[in-house]
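This report describes a protein complex for someone new to it. Please look at the sequence and the structure first; the description follows.

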Amino acid sequence: MKMTGAEILLEALRREGVEHIFGYAGATICPAVDVLRSASDIGYTLVRTEQNAGHMASGYARVTGKAGVCLVTSGPGATNLITGVATAYLDSIPMVAITGQVPSGLLGRDIFQEVDITGSTDAFTKHNYLVKDAADLPRVIKEAFYLATSGRPGPVLIDIPIDIQNQEVEAVFPDEVNMRGYHPSVRGNDKQLDHVAEAIGLARQPVIVAGGGVFLADARDELQLFAEAFGIPVVTTMMGLSLLPSDHPLNMGMIGSHGNLCANKALAKADLLIMIGTRVADRAIIAPEEIHRRMPSIHIDVDPAEIGKNLQPELPLVGNAKVILQQLMERDIQMDCIEWRSQLQEKRIEELHREYPWREESVTPGRLLRALGKKLQRDAAVCVDVGQNQLWSCKNLWLKDTRFLTSGGLGTMGYSLPAAVGVKVAQPERQTVVICGDGSFQMSMNELAAVSSRKLDIKILVIRNGVLGLVNQIQHTAPYHGPFGVALDGSPDFEIIASAYGIPSIVLENDALLDGALERFLETEGPCLLIANVDPACTTND
Amino acid sequence: MKKTISVLVENQAGVLNRITSLFSRRAFNIDSLAVGVTDDPTLSRITIIVDSGNSVVEQVEKQLNKMVEVIKVRTLDESTYIGRELMILKVAATMKTRADIMTICNICGAKVSDISTTSMTMELADTPDRLNTFQDMMRPFHILEVVRTGVIALQKGGGKI
């Protein structure tokens with residue numbers, strides 16, 4: 001049957017099980033948007049700037065495990081999307097981004113709204129395509145979804161010129177993907193698994209370093225079972241936060257420059273590192289050479305290129321974290337590290353129950369976040385932005401079976417609100433909370449339109465201190481000479497902003513009012529904004 | 001240390017661009033890169049000379065392998081491979097110097113491809129070292145222009161990558 005490129009696109013998306021698209025229409029994507037009109041089985045959210053289509057698709061993907069889909073026009077639509085795609089790339093989030101393009105015959109002439117988006121995104125897409133024949137579309141889309149979701153996930157971009165969307169061809173939809181250059185490993189090598197099991201058996205002070213890869217492999221349960229089976233303490237990277245509840249006896253917290261003492265102590269004193277789904281990034285493992293000098297390590301990752309990139313492990317093990325953890329559980333490993341564990345646990349309990357200072361004039365962020373976390377439903381999704389709000393959340397937000405979502409790799413401000421929209425669209429029943437600062441809120445508060453129009457029950461906490469807090473904090477330390485360009489002068493009254501979108505808000509002035517305000521915030525029906533006034537002098541070390 | 005990496009890739013538009021941008025993005029230094037189609041018209045072979053330590057070369061291999069359009073990557077064993085580069089060199093030549101230039105060409109095995117009243121142009125396909133020697137020997141005569149292809153290489157014996 002003859003179909004247009006746009007019809008093929010729609011049919012191929014259906015075949016991939018796509019249920020929702022985050023998009024922004026424009027001239028060169030109009031044929032594709034036109035066929036979506038009649039597709040009542042595929043939902044559509046209009047964003048207010050294309051970057052947020054990427055973040056929404058990211059939030060959607062992270063809670064469903066499916067590829068998030070965004071669709072934007074050529075030129076500025078595509079370049080605006082770039083930050084969303086790069087954010088997804090750095091956190092290995094499965095995503096398929098579709099961009100319109102000028103007519104294929106005019107490519108390279110710099111005509112209206114033309115940019116070379118495939119060339120521009122080579123460095124931060126897992127793969128990308130410029131489609132020059134509609135007959136290729138069924139294969140390209142099938143490959144794109146397979147690439148985005150298999151192996152180490154990531155964003156794949158498909159650029160489709162408008163004439164290709166209109167081109168009529170005989171469409172043949174392949175049942176499977178056949179790419180001779182792409183064969184991700186799944187199972188771990190048996191011989192190497194023996195060595196790994198042996199090394200674990202010999203360890204007295206082992207520690208598991210779990211990263212975002214564990215979530216990506218849907219291996220949260222396996223990680224917990226594995227750690228519990230041998231009683232091995234677990235520390236996480238920022239992307240691995242919420243793999244275990246805060247008060248899980250084996251959870252020692254988050255490592256790195258913004259991590260907690262107990263986790264960093266575990267990392268420094270361990271006699272064996274078992275790294276799972278982590279890329280040993282600089283914020284998590286500050287001195288890989290020093291770690292390498294001090295202790296042997298096992299590195300389990302689905303991407304062979306991550307192994308040895310920043311830290312040369314004694315035992316590399318390539319494969320899917322879920323499968324490898326299952327394989328390891330089948331082995332007979334005898335190990336006892338009770339003394340090590342109890343040392344760490346003591347420290348951890350102390351940290352978890354530390355007293356916060358009491359403030360009469362403002363809110364203490366740590367106190368607020370611990371209390372908020374404790375009041376949330378067990379499996380709430382919490383989308384956290386970038387900056388002080390993020391680091392305070394990492395340290396203090398109480399986690400149950402919470403899902404903690406943040407832009408860990410790229411550190412993209414403005415991520416939290418659109419990501420939460422993606423989560424809520426995917427899972428309307430799931431309690432969804434945004435934590436952001438007054439800087440990051442203003443980067444994407446235009447997406448309150450999506451919250452309002454879709455009546456999404458998203459609770460938004462804005463930690464307001466009137467400055468770009470983390471930069472302010474950095475500028476207060478050597479070699480810098482003091483704050484500059486960080487005062488958020490001219491910020492609007494967020495209550496009025498919220499009310500303009502028909503969203504109620506609450507202002508929290510100080511610690512004494514905290515509990516009552518949190519309860520009202522969470523009990524409000526539908527979306528609600530909680531503005532917590534925080535002293536700008538308050539740092540992430542407080 | 002110089003390593004020769006042989007890469008089989010899909011013979012498609014944009015692949016070379018992806019590979020070169022990978023090298024600049026990951027800050028890998030390359031000495032030379034040569035590309036051409038193989039006996040299978042859907043495949044091209046790229047030969048890359050990397051001047052780096054072993055761990056960097058390993059990263060180069062792994063990063064290349066991650067690319068969807070890369071089919072195979074192999075670092076060639078230095079002791080058992082044939083690596084050749086083609087050079088075309090144009091040198092100033094007069095009646096007085098022509099005989100001396102010819103002597104060097106004979107010693108180095110270079111072939112004279114063009115001659116004029118003021119110049120001679122030679123071609124030589126050999127290892128990069130020997131090309132360097134030839135180039136050094138030509139320098140006193142005043143080299144006008146040089147072009148080199150970069151090394152292409154294959155492993156000796158019956159095997160293939």
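Two strands pair if DSSP finds at least two bridges between them; helices (H or I, at least four residues) and strands (E, at least two) are DSSP runs, numbered from the N terminus. In chain A, six strands make up an open sheet with parallel pairing, in the order β3-β2-β4-β5-β7-β6. At its edges stand β3 (43-46) and β6 (127-130) of chain A, each of which pairs on one side only. Direction ignored, neighbouring strands of this sheet are turned by 20° against each other on average.

The model is predicted: local features need pLDDT of at least 70, side-chain atom pairs count only at pLDDT 80 or more, and totals for chains, interfaces and linings use all residues. Residues are numbered from 1 along each chain as its sequence is written, while chains are lettered from A and ligands numbered from 1 in the order in which they are written.

Within the sheet, β5 (residues 95-101) and β7 (residues 155-161) of chain A run parallel and are joined by seven bridges. A:Thr99 stands opposite A:Asp159 in β7(A).

Axes are lines fitted to C-alpha atoms, for helices over the stretch in contact (C-beta atoms, placed from the backbone, within 7 Å). Angles run from 0 to 180 degrees between N-to-C directions.

| Helix (chain A) | Lies across | Angle |
|---|---|---|
| α3 (residues 50-64) | β2 (20-24), β3, β4 (68-72), β5 | about 165° to β4(A) |
| α17 (residues 416-426) | β2, β3, β4 | about 160° to β3(A) |

Between the chains, 13 residues of chain A are in contact with 14 residues of chain B. The predictor gives the complex an ipTM of 0.89 and a pTM of 0.95.

Notes. Two residues are in contact if their C-beta atoms, placed from the backbone, lie within 7 Å.
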